[in-house]
Structure formats: C-alpha cells, structure tokens
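Good morning, colleagues. I would ask you to keep the model on the screen in view while I go through it chain by chain.

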Amino acid sequence: MAMWLFLGSECLLFGGLISTYMLYRGRHPADLGPDQIFDIPFTSVSSFVLLMSSLTMVLAVSAAAQKDDRRTNLWLTVTALLGATFVGGQVYEFTSFYREGLGFTSSLFSSSFYTLTGFHGVHVTVGIIMLMALVGINKRSSVPGDKAEVVELVGLYWHFVDVVWIIIFTLVYLIPS
Amino acid sequence: MAIIERPSTPALAGSGAPAVVTPSQAYGVLKRPVSTTGWRSWVFTVDHKKLGIMYGVVAMFFFLVGGVEALLIRLQLAGPEGTVLSAGLYNEMFTMHATTMVFLFVMPMAAAFANYLVPLQIGARDVAFPRINAFGFWCFLAGGLFLNTSWLLGGAADGGWFMYQPNANALFSPSHGVDFWGLGLQITGIASLTGAINLIVTILNMRAPGMTLMKMPIFTWMILVIQFLLVFAIPVITVALFLLMFQREFGATFFDVSAGADPLLWQHLFWIFGHPEVYILVLPGFGIVSEVLPVFSRKPLFGYRFVVFSGAAIGFVGWGVWAHHMFASGLGPVSVAVFSVATMLIAIPTGVKIVNWTLTMWGGKIWFTTSMLFAIGLVVEFTIGGLSGVTHAVAPSDTQQTDTYYIVAHFHYTIFGGAVLGLFAGFYYWWPKMFGKMLSERLGKWNFWLMIIGMNLTFGPMHIIGLQGQPRRMMNWTEARAGEGFFNLGFWNRVASVGSFVIAIGVAVFLLNVWQTHKKSSKTPKAPLDPWDARSLEWMTASPPKEHNFDAIPTVHALDEFFHRKYEVDHDTGEVRKVATGEEILAAEEAKADKHIHLPSPSYWPIILAFALPLMGYGVIYNRLLIVAGGLVVLLAMFGWALEPSVADDSDYDPPADGGGSNKELATIG
Amino acid sequence: MLGLTAASAAVLAGCAKDAPQDTWQPKGENAQKIHDLQWPVFLVAGIVGVIVMVAVGYAVVRFRDKGQPMPEQSHGKPALEIALTILPALILVGVGIPTVSTIFDLADTSDTECIVNVTGQQWWWEYDYPAQEGCGGISDPIVTSGQLVIPANTNVLLRLTSRDVIHSFWIPALNGKKDTVPGRVHTLRMQANQPGIYAGQCTEFCGLSHANMKMEAVALNPDDFQTWVANQLESYVAPEAGSQAALGEAAFTANCAYCHQVNGLSSTAPDGTVTPVLANPDQFVVSGSAPNLTHLMTRNTFAGATWDLLTDECRDRVWNASPEEFGALYLQGVTAECLNAVDLREWIRNAPAKKPMYASDAQKANSGGKVRGMPALGLNETQIDQIIAYLLERN
C-alpha cells in the first residue's frame with residue numbers, strides 16, 4: 001500500500017512537470033522547436049525497449065511467485081538491461097540535441113523538456129538500481145521478508161515509470177505542437 | 001508489517017511484563033546500535049514515542065525562533081518609520097517567520113502528536129515503517145537547520161514565504177537565502193511525504209482488532225485526512241522548488257519574463273500546494289479539540305460522523321480553492337467567480353465542526369482544565385477567523401482586503417486560533433500520558449489567559465489596521481497616512497506590538513511550567529493513570545507507555561472504547577454508572593499480556609541518510625563536488641538500510657516463521 | 001465577545017474620518033459596488049459570530065460541572081445536524097449570487113472612455129496617456145509618474161503591466177487592487193465621483209523598498225483636466241541664461257539625464273550643433289526606466305510618491321480642499337514658496353540613504369552592473385542647489 005501511496009504522490013509530481021512542459025512547449029526560437037529536433041523513429045525504438053522491459057518484469061514477478069530464484073534473477077537482470085538501454089538511448093538523444101544547439105538553458109521549451117524527461121530518466125535509473133540491488137541480495141539469498149512481495153513492489157514501481165513514459169512520449173513527441 | 005508478535009503461550013501467561021527483546025547481534029554493514037539508555041538510545045531510535053518527543057522538542061525550539069522573529073517585526077512596526085530592522089533584514093524576518101512557523105513549528109508539532117498518539121490510539125505497537133519514521137524526523141531537523149544556517153551565510157530568504165516569481169529569482173534576490181529556502185523545504189518535504197505514507201499505512205493496516213474506521217478516535221481521523229493532503233500536496237511544491245532551483249542555480253528560465261515565461265505558473269504551483277497546506281496546519285488542532293471537548297464535557301463528540309465527513313470534505317474541497325489567493329492577480333472573471341464560490345463552499349463543513357463542538361459541550365458536565373480552556377478558546381477564536389475568511393471569499397471584497405493586515409489578522413485567527421491553541425490544548429491534555437507528570441494547572445491557566453489576551457490584542461487590531469488600508473510586508477508605516485481619531489494606524493499598531501509581547505510572556509509561562517514539572521523529577525508526584533477520565537485507547541496503558549505500548553493488544557468494541565470499559569450505560573434510564581477504574585482495566589489487560597514482543601530495532605541509517613541531504617544542499621549552492629559526495633552517502637546508506645532487516649535477529653530468539661520484516665520499506669526507499 | 005468587537009469595529013470603521021487608505025470610504029462607483037457588497041457580508045458574518053459566541057458562552061456557563069450526574073451519552077441528532085448544515089449553505093447562496101454578479105460587473109470594461117497605461121517598476125509607478133479621443137481628447141502622448149491624474153466622473157480604463165517584478169495597483173477609495181505582472185496586461189476600471197486626491201500603495205511584495213512604493217490618484221473636473229493636459233504638452237522652456245537654473249540645466253545634463261528624460265532638453269556642442277538629450281535608462285537600470293521629469297513640479301510627490309514636493313502646510317491645503325476648490329489648487333503645482341526642499345535635497349544628495357534601494361557598487365555587481373532604484377550621485381551642495389533651481393522650473 002505504501003508503494004501505491006508513493007506512486008499516487010508521484011502522479012502529481014509528473015503532473016506538475018507535464019503541465020509546465022505543456023505551458024512552455026511553444027516558447028522557443030523558430031529553428032529549435034520540438035518539430036525540428038525530435039527523432040521520432042529513434043525515440044519510438046527506445047520507447048519500445050522500455051515497454052518490453054515491463055513484459056520481462058511481469059515474467060520476473062511470476063517467477064518470484066513460483067519461488068524460482070534462478071528465473072527471477074534472470075528476468076530481473078533482463079529488465080534492468082532493457083531499462084539501461086532506454087537510459088542509454090536517452091543520454092544519446094540528449095547529447096545529439098545538445099550538439100544541435102539545444103542546451104538546457106536555450107529556451108523555455110528546452111528547459112522544461114529536459115526537466116521533464118530528465119526526471120523520468122532519473123526514475124528509470126533508480127528503478128535499475130533497485131532491480132540490481134534485488135538481484136544482488138537475492139543471490140546472497142538474504143532478502144528480508146517475503147521475496148515475491150518485494151519483487152512485486154519493485155515491479156509496481158517499474159510499471160508506473162513505464163506508464164509515465166507512455167504519457168510523456170505521447171504528449172511530448174507524438175502530438176505536434 | 002514491521003511489528004512481529006507471537007501469541008502468548010498459556011504456560012507463560014500471568015508471569016509479569018513480557019520480556020522486550022533487545023537486539024544485540026551485528027547485522028548488515030554496520031553493527032547495529034544497541035543502546036537503550038543515553039543519547040544513543042535517542043539518536044538511533046525508531047520508537048515512535050521517542051521520535052514523537054524529539055519532533056516536539058525541535059518544533060518547540062523553532063517555535064521560539066519564529067516567535068523571536070515575530071517580536072522583532074512587531075518592534076519595528078510599533079511606531080512610525082521604525083528603525084529596529086533595515087529594509088532587507090525586515091524582509092528576511094517576515095519571510096522566515098512565516099516559513100519557520102508553518103514548516104518548522106505547526107507541521108512538525110502536529111507530526112509530534114501524530115507520531116506519539118496514532119499508534120496508541122489505534123492500539124498498535126509502533127508505526128508501519130519505524131525506520132522511515134526516524135528518517136522523517138532527521139530530515140525535518142536537517143532541513144530546518146540547513147534553512148536557518150542561511151542567516152549566517154549571507155542572509156536568509158527575503159521573498160516572502162510565498163516566494164513569488166520573478167521577485168525571488170537571482171536578479172532580484174541575489175543572496176543565497178532563496179536557495180537555502182528552496183532546498184531546505186525540499187528536505188523537510190521529504191520528511192512530510194515519508195511521514196504521511198507511513199501514517200496512512202499505519203492507520204489503515206494496524207488498527208486493533210474490532211476498530212473499524214468509524215470507531216477510530218477523531219484525532220486519528222483528522223491525521224489520516226492530513227496525511228492524504230500531504231501525499232498529494234508535497235509533490236506539487238517539489239516540482240515548484242525544483243523549477244526554482246534550476247532557475248536560480250542552473251540558468252533555466254522558467255519564471256524569467258524576458259525569456260517569455262509566465263510568472264503566474266509559480267503562483268498556481270505554489271498555491272495548489274499552499275491551500276491544502278492551510279488545512280494541513282489547522283486540522284491537527286481540530287482533531288485535538290475534538291478529543292479534548294468530549295472528555296471534559298463527559299459526553300461523546302456530538303455528530304462524530306458529521307465531524308469525520310466534514311473533515312474529509314474540507315480536505316477534498318481544499319484542493320479546489322487555491323486561486324482564491326490570486327483574486328487580484330488578473331485571472332479572468334469566470335475563474336474568479338468559480339473559485340469565489342468554491343471558497344464559500346468550504347465554509348459549510350467548517351461551520352459543521354464549530355456547531356458540533358458547541359453541541360458537544362451542550363448538556364455536558366464541563367470541567368475547566370487548562371486543556372479544556374484552550375479547546376474552548378479555539379472554538380471561539382477560530383470562529384472569528386472563519387467568518388473573516390467568508391468576507392474575503394467574496395472576491396470583490398477581497399480585492400480591497402488582500403495583501404493588507406486584514407488578511408494577516410484572518411490567518412492568525414485561523415492558524416494561531418485554530419492550530420496553535422489546539423496544540424497547546426494537546427500539550428496539557430497529553431502531557432501526563434507522555435511524561436507521567438502533570439503540568440501545573442495554576443501556571444497553565446496563566447499560560448492560557450496570557451496567550452488568549454495576547455493573541456486578541458495582537459491580531460484583533462490588525463482587522464482595523466487592514467481595513468484602514470495598511471498593506472502587509474511593509475517595513476514601516478508613515479504618520480502621514482496613519483490618520484487620526486479612533487481608527488488611526490498608530491494606536492492600533494502599538495496595541496498589536498504590546499499584544500505580541502503578552503503572547504511571548506504566555507509562552508514563557510508554559511516553558512516555566514514544563515521546567516517546574518520536571519526540575520526535580522523524582523520529587524514531583526507521578527500523574528495518575530487516567531487523570532482526565534479519558535475516553536480513548538491511548539489511556540488504556542501505562543503513562544508514559546512502555547516501549548511496546550500495550551501489554552496485550554486490546555480488542556475494540558466501540559467508539560470511545562476506554563470509556564465504555566469504565567462506564568455502563570443503562571439504556572432505559574440513560575443513567576451512566578462507573579463500573580471499573582482505569583487501574584482495574586489495565587490490570588486485566590496486563591494479565592493477558594503477549595509474550596515475546598518483537599520491536600523494531602534501532603538503526604544508524606536513518607540519521608546518516610537524512611544528514612547526507614543538507615550536504616547535497618550545500619553542494620548545490622557552493623560546490624558541485626559536495627553533491628556527488630552527498631549522493632554517495634545517500635546511495636551507501638540506502639544499501640545499508642536495504643540489507644538490514646528492521647528487526648534484528650537475536651540469538652536468544654528464533655525468528656518468526658512468517659518472515660515478516662521490512663520488505664515494504666525496502667521497496668519504498670529503493 | 002471579541003468577535004463582536006472586531007465586527008463592530010469593522011462596521012464603525014466605515015464611519016470614521018481618518019486614514020486616507022480606508023477601504024470603507026468609497027469615492028467612486030467601482031469601490032462603491034464593492035462596498036455595497038461587502039458591508040452586508042460583514043454584517044451577516046458579525047451576526048453569525050455573535051450567535052456562535054453567545055451559544056458557546058451559554059453552554060460553558062450553563063453546563064459547567066455543578067456536581068450534576070454524568071450526562072446522557074448521546075452521539076448527536078442527525079436531523080439537527082442536517083438543519084445546521086443547510087442553514088449556512090443557504091446564507092452562502094445569498095452571499096454568492098451578488099458576489100458573482102459584482103465580479104462580472106467589475107470585469108466589464110466596455111463602457112470606459114479614457115485610457116491610461118500604468119507601469120510598475122521597483123519602486124515607483126509610471127503613467128502614460130496615449131493620444132486619444134477619450135479623456136476629453138489628448139493630442140500627443142503624455143508620460144508622467146507619482147500621481148495618476150484622471151478626469152472626475154469619467155470611466156477610466158487602466159492598462160496595467162510591470163517592467164520587473166509583480167506589483168499591485170491599489171487606490172482603495174476608487175477600486176480594489178489588481179496585480180501588475182510583467183509580460184501581461186491587466187485592466188482595471190477607475191472612476192472618481194468628484195475632484196480630489198486619493199491615496200494608495202503597492203500591495204504586492206516587490207522587494208527591498210516595497211513599503212516606499214506609493215501612489216496617489218488625482219481627479220480633476222473635465223475642464224481642469226484639459227488644462228492639466230495642455231500643461232503637460234507644453235514645450236520645453238530653457239532656463240534664463242546665466243541663472244542658477246541654467247547652471248542646474250548643465251549639472252542635470254551631466255549627472256541626471258542618463259536616466260531621467262526631460263522632453264525638449266538639448267545640448268549644444270562647442271561647434272554649435274544642437275542635439276537633443278535623450279535618457280537611456282536601459283543601460284543603467286534593471287527595469288530600464290526612470291521617472292520622466294519634464295513637468296516634475298506639476299505633481300506633488302517624488303520618489304515613488306513616498307515624499308511630498310510640497311511643504312506640510314501646502315500639502316494640507318491641497319488634501320483638505322473642497323472638491324470645488326481642489327482643481328485650481330492642484331493646478332498651481334509646486335511653487336517656490338511651497339517647495340519641500342529638505343526632502344528633495346536629501347534625496348538628490350544620497351537617494352539610497354533615504355529610501356532603501358539596490359544601488360551601491362557592490363550590489364550593482366549582482367545585477368549585471370545595473371541599479372534598482374537611484375544611486376548616490378556624489379554631487380556637491382552647489383550642484384544640488386543648481387539642480388533644485390532647475391527642477392523648480394519644470395512646471
């Protein structure tokens with residue numbers, strides 16, 4: 001339940017960031033707006049990667065429910081790797097935007113874009129750390145408490161972060177400004 | 001759940017108090033702290049009662065800090081063209097007075113009561129996540145200290161507690177004060193958020209058998225409503241504070257008009273948080289008087305269900321009224337009309353509460369203890385604040401009153417009259433529970449009358465000053481515009497300044513009372529078990545409660561469980577007969593005490609984690625390397641925390657079969 | 001009881017003749033609408049307050065512990081509860097309907113006939129009048145500050161904005177307040193029933209000298225207003241050669257004209273070419289603006305309406321004038337006999353010492369080398385005398 005409350009709170013956090021972005025998305029120099037800068041095919045691929053990680057997370061949760069430690073660890077690792085791929089993609093994306101001249105402080109659009117997606121990236125990174133920690137602890141088989149429940153809770157967080165990305169992807173990348 | 005109990009075995013029943021298992025074995029990265037006495041037992045504790053007391057002590061300290069700031073403000077305004085403070089210092093003073101009182105006194109003092117009392121009121125042995133609870137307290141302390149170090153490091157924040165943009169951006173407020181303010185509140189925000197999640201889970205999951213939501217003590221109910229408000233309000237201010245930090249420290253332009261930004265974005269974000277915050281401040285006071293009034297009227301709370309639902313309604317509607325702080329900021333007439341009407345709506349559940357409190361006393365048998373006096377004081381003073389609130393829910397009228405002293409009068413009647421008087425009622429009511437000593441009633445009455453007279457002398461004239469057109473946040477007022485006659489600003493400003501010192505004397509009497517009660521602790525008499533003939537569960541255990549709260553978790557049959565165990569109501573005649581004393585009931589409970597109560601163990605990690613945060617804060621302001629250092633400490637502390645079960649294994653005790661433990665904490669903290 | 005005091009105090013405040021910013025003495029139809037709405041609300045709130053306090057007082061006295069038996073453990077009477085919920089709801093409906101209609105009334109600006117642009121900056125107000133048919137006709141733009149001059153009995157439309165932070169424009173006797181937000185234009189109705197002077201103050205916290213950001217609105221009857229307009233549009237009259245004021249003109253050009261515009265002021269180069277002196281406050285001031293001093297002595301205040309240009313005696317005469325006499329008295333402006341040279345001299349000598357501003361060298365460094373407010377100019381007493389003599393002719 002604590003996780004649900006925490007995620008409820010997170011909804012408002014992202015709500016505030018998304019509102020800020022929506023307010024400022026049109027405020028940029030003509031040649032450096034969302035339409036010019038976004039590489040939709042690339043981001044679609046990395047979004048797909050993140051989406052797949054939700055699937056592997058489901059597999060990890062079901063493995064944990066069946067008390068299959070080996071498969072749990074496997075799927076957790078795969079999830080973490082897919083997540084890391086996504087974050088890697090984001091880092092690449094940011095670097096290429098930066099090269100095209102879109103710095104954090106270039107315009108209101110860029111500031112709010114980097115803030116929003118950056119916050120999401122940090123959430124994914126935290127999720128990856130949680131997954132890796134879980135694998136590590138699991139290997140030492142010293143997970144305090146009910147293992148399946150812990151995996152499920154981390155899974156809940158992971159799915160949430162995923163869903164937020166779908167919303168961000170739709171609002172930020174797909175809907176033309 | 002972190003609390004593990006095993007049913008007592010019949011063979012051991014009746015053999016006195018249960019053995020509390022203290023952890024001794026090393027586990028995790030650091031050896032666990034094991035002290036049960038001395039400062040270590042406080043610093044590393046996860047006991048909700050000790051944390052509650054620490055919250056209280058620190059909040060009281062900040063109350064004095066905020067109070068001194070208030071006195072300086074009133075000294076400055078006692079005469080025309082005041083010269084006690086410079087303009088810059090005056091601006092810092094009122095900014096920090098508000099910030100301190102709101103974030104470092106009322107909120108944490110409410111957290112003190114909630115921490116201490118909620119588990120006791122619902123018949124639990126601790127909160128759901130004891131280490132997170134400790135972490136919350138240390139975050140609050142770390143954030144509060146961090147915020148106040150700004151006084152020594154180039155000046156405190158000077159943009160008003162609402163920190164309107166662009167006045168608070170780096171160009172217009174170049175000292176680091178606003179940075180300290182933003183980061184400090186970010187840190188105390190973590191305390192509020194974790195505390196809120198913790199208390200909600202505690203209240204929803206850990207109630208004693210038989211305690212349905214509608215049999216729950218009203219104070220716990222109000223705390224539950226507040227925690228929901230916090231869970232959803234804190235992230236909004238978090239976003240605002242991040243935007244502020246990115247703007248001031250990393251060159252973003254979220255509020256920079258020359259870059260095309262809209263400064264009203266800040267106002268919306270701030271008040272979406274800020275208005276629920278107002279209810280976060282007053283609802284604990286409401287909860288406390290809703291406990292105190294029935295006890296000293298010897299009657300149940302009138303319309304318990306209505307009070308519960310009106311509390312929830314206030315919490316709910318509180319989300320739809322934020323823009324009433326912005327009636328003059330240039331919203332369109334449609335928004336103004338909608339928010340104006342929504343604001344009036346909130347008067348209805350508030351009115352319900354006042355009616356219910358009055359009717360609780362009606363037909364009762366009123367005992368005028370200090371606590372009861374404070375509670376009655378709250379009903380009266382808050383009514384004044386509520387009604388002056390209705391006058392500026394009327395938006396056109398508000399355009400004359402907003403940002404004048406009339407508003408200052410209004411919210412001091414609600415926050416001082418509603419929250420602070422409620423907290424003082426709580427001090428006197430629960431002091432014997434928390435410390436096993438009675439505060440002096442004689443000094444208590446001095447305390448009450450000085451504070452109530454002081455507050456009316458201070459804030460009453462502000463109605464007049466405000467309607468006479470004196471704006472807020474003014475470092476001085478001039479004779480030229482003070483007018484003459486009965487309503488001249490000069491006279492009433494002086495009265496307000498005198499009043500503020502009367503309040504200060506009242507607070508000093510309270511501190512004297514505490515000192516006298518505890519100076520020769522061994523000589524002053526112990527408080528009786530049930531000094532007030534109370535009604536709720538927290539009185540059904542020793543005072544102060546044992547570390548595990550209850551020897552046996554009570555089974556609840558009714559609202560006001562303790563009362564119904566003491567008294568029998570004849571349903572035909574309505575006659576109320578006493579059938580048992582508190583001591584007898586306690587003895588009966590002790591007789592069936594649980595064995596092998598396993599309590600959460602102390603931990604180093606909460607305090608380490610919490611104090612890494614201000615380190616990162618200084619890093620943001622002064623040197624980015626410190627952010628990295630602080631971040632590393634955070635990561636390490638989290639790992640240490642995750643590896644450490646909340647209940648230490650103990651060699652003389654085999655771990656319970658169900659595993660139990662800290663899994664949820666791990667997940668929450670990540 | 002205390003609520004009664006507060007409520008009755010509130011009601012009585014309406015009858016008192018004291019502070020010039022009293023919110024209970026409307027002097028124009030917009031403020032009157034607010035007042036008509038607010039006094040019944042105060043009255044109802046006062047009555048409700050008295051009822052609650054009497055009820056609490058009665059309960060406390062009547063049901064004190066006199067040794068009576070334990071009371072009946074009643075948990076409440078739902079019917080009574082519901083009745084006592086509906087009653088305040090009905091009262092609030094009664095308050096809500098006129099509130100909403102007044103909100104829309106005050107937001108409607110379709111019947112205004114005279115436009116003034118109002119711009120806030122740290123820590124003074126600028127008023128500029130675009131050329132218009134309205135206000136009885138203004139042929140060329142006028143820029144002034146300190147006192148907002150409007151024709152009486154005319155619906156004036158203020159267009160409010162700011163050059164730096166958020167301020168709030170408020171003349172309590174004429175209308176409620178409205179924030180001035182940089183990057184946005186808000187509108188506010190203004191109307192004064194009769195000629196006179198009305199005090200106000202910035203009411204949104206705007207930094208260091210927020211307390212010293214005042215304003216005054218001056219209403220003149222339409223003929224007097226036309227006289228005022230004509231005076232504002234009068235062309236520059238250079239001081240008599242060799243006079244104290246002529247030396248002042250040179251000192252002004254050398255020290256003040258960087259920021260302060262005086263329309264028509266020009267400088268003559270050694271070779272005889274005449275160039276107009278144009279202020280360039282953009283370069284020196286954060287807000288990019290400083291008060292226009294072309295007709296300084298037609299207004300009665302300076303430095304954000306914080307100090308008077310008139311001596312106390314002359315000031316009282318203007319403030320206490322009857323509506324019939326007011327116009328003529330105000331249009332006299334500041335004469336040599338009436339000049340409050342003490343404050344003006346202190347101001348020119350060291351402005352930040354008189355009014356907290358953000359203008360020292362160290363402070364300038366934090367805001368890109370620009371000041372907020374007026375810096376100390378380091379003038380000697382002779383120069384100050386000359387400048388005052390020069391300014392006295394700016395009428």
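Let me begin at B:Ala240, which, once neighbours within four places in sequence are set aside, is in contact with B:Trp266, B:Leu269, B:Phe270 and B:Phe273. Please bear in mind throughout that this is a predicted model. B:Ala240 and B:Ala425 are the residues that touch the most other members of the largest nonpolar core, which holds 373 residues. To this core helix H6 of chain B, residues 218-250, contributes the most, namely 23 residues.

Just after H12(B) comes B:Gly436, with a positive phi of about 70°.

Two further backbone features of chain B deserve a mention. The peptide bond leading from B:Gln165 to B:Pro166 is cis, and its omega is near 0°. B:Pro166 sits in the loop that runs between helix H4 (130-149) and helix H5 (177-205) of chain B. The other feature is at B:Arg473, which is not a glycine and yet has a positive phi of about 55°. This residue belongs to the loop between helix H13 (441-467) and helix H14 (489-519) of chain B. B:Arg473 has 17 other C-beta atoms within 10 Å, so it is classed as partly exposed.

Now to chain A. Its secondary structure amounts to 6 helices and 0 strands, and the pattern along the sequence reads α-α-α-α-α-α. Taken along the principal axes, the C-alpha atoms of chain A fill a box of roughly 55 × 30 × 25 Å. Of the 177 residues in this chain, 41% are buried. Among the contacts in chain A with a separation of 6 or more, 82% involve residues 24 or more positions apart.

How do the chains meet?

Which chains share the most contacts? Of the 2 pairs of chains in contact, that place goes to chains B and C. Their contact takes 87 residues from chain B and 84 residues from chain C. On the side of chain C that touches chain B, helix H1 (2-13), helix H2 (29-62), helix H3 (78-107), strand E7 (178-180) and strand E9 (196-201) of chain C each supply at least two residues. The residues of that side of chain C comprise 46 nonpolar, 25 polar and 13 charged. Chain A and chain C, by contrast, are joined by no contact, and their closest C-alpha atoms lie 14 Å apart.

Within chain C, 5 strands form an open sheet of mixed pairing, in the order E3-E2-E1-E5-E8. Strand E3 (142-145) and strand E8 (186-190) of chain C are at the edges, each with a single partner strand, so one side of each has no neighbour in the sheet. Neighbouring strands of this sheet are turned against each other by 25° on average, direction ignored. Strand E5 of chain C, residues 156-162, pairs with E8(C) in the antiparallel sense over 5 bridges. There, C:Val156 stands opposite C:Met190 in E8(C).

A cis peptide bond, with omega about -10°, joins C:Gln122 and C:Trp123, and C:Trp123 lies in the loop between strand E1 (114-121) and strand E2 (124-129) of chain C. C:Asn153, although not a glycine, has a positive phi of about 55°; its loop is the one between strand E4 (147-151) and E5 of chain C. Finally, C:Lys27 is in the loop between H1 and H2 of chain C. C:Lys27 has 19 C-beta neighbours inside 10 Å and so counts as partly exposed.

Methods:
Residues are numbered from 1 along each chain as its sequence is written. Chains are lettered from A and ligands numbered from 1 in the order in which they are written. This is a predicted model: local features need pLDDT of at least 70, side-chain atom pairs count only at pLDDT 80 or more; totals for chains, interfaces and linings use all residues. Helices (H or I, at least four residues) and strands (E, at least two) are DSSP runs, numbered from the N terminus. A residue is buried if 20 or more other C-beta atoms lie within 10 Å of its own, exposed if 12 or fewer, and partly exposed in between; C-beta atoms are placed from the backbone. Two residues are in contact if their C-beta atoms, placed from the backbone, lie within 7 Å. Ala, Val, Leu, Ile, Met, Phe, Trp, Tyr, Cys and Pro count as nonpolar, Asp, Glu, Lys and Arg as charged, and the others, Gly among them, as polar. Two strands pair if DSSP finds at least two bridges between them. Axes are lines fitted to C-alpha atoms, for helices over the stretch in contact, and angles run from 0 to 180 degrees between N-to-C directions. A nonpolar core is a set of buried Ala, Val, Leu, Ile, Met, Phe, Trp, Tyr and Cys residues joined through C-beta atoms within 7 Å.
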